[in-house]
Amino acid sequence: KKAAKDREVKPQKGMIAAYDDAVEQLSELAGQFETVRKEFFCLTFGTKEVAYTDLGKDLFLLEIPLAAYSKVEKNLPIGAYTERARTTKFVKLIAKGLEEHVISFKKHTATKANGLVMV
């Protein structure tokens, strides 16, 4: 009745174990991504303006101001980053160290979506 009145279905915690687990894992991954962004990438690139962005199916690309990237580009470890796009203001990179986290994020997002289908 509540779903009909509100015109939306919200799963309750404990209804679907796979959904609950996926939500918890996604929350943990979001915290890990943010910690890595603040503690590692901001130090590496010398700016707090490092952000995550998406480009098509590529998730969690690093978006770095071009000026900051240009200062450290030659000192970056070979193969640690792959440039995916560049504008006049920003560079978007894939960080090799995040690949496992991104795969896990995609897996848990799919599990969460499947759990919603079951509601």
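**Close-up 1. Antiparallel pairing of strands E1 and E2 in the predicted model.** Strand E1 (residues 51–55) pairs with E2 in the antiparallel sense over 4 bridges; strands pair if DSSP finds at least two bridges between them. Strands are DSSP runs (E, at least two residues), as helices are (H or I, at least four), numbered from the N terminus. Ala 51 stands opposite Glu 63 in E2. The hairpin of E1 and E2 has 2 residues between the strands, and Gly 56 takes a positive phi near 65° there. Residues are numbered from 1 along each chain as its sequence is written. In this predicted model, local features need pLDDT of at least 70 and side-chain atom pairs count only at pLDDT 80 or more, totals for chains, interfaces and linings use all residues, and side-chain values use heavy atoms, with hydrogens and water left out.

**Close-up 2. Strand E2 alongside strand E4.** E2 and strand E4 (residues 90–95) also pair in the antiparallel sense, over 4 bridges. Glu 63 stands opposite Lys 92 in E4. Of the 8 residues of E2, 6 are buried (under 20% relative accessible area; exposed, over 50%; partly exposed, in between; 1.4 Å probe, protein chains only).

**Close-up 3. Ring contacts of Phe 105.** Phe 33 and Phe 105 form an edge-to-face aromatic pair, 6.4 Å centre to centre with 80° between the planes (centres of Phe, Tyr or six-membered Trp rings within 6.5 Å; planes under 30 degrees apart stacked, over 60 edge-to-face, the rest tilted). Phe 33 lies in helix H2 (residues 17–45) and Phe 105 in helix H4 (residues 99–118), so the pair ties together parts 72 residues apart in sequence. Phe 33 is buried, at 2% relative accessible area.
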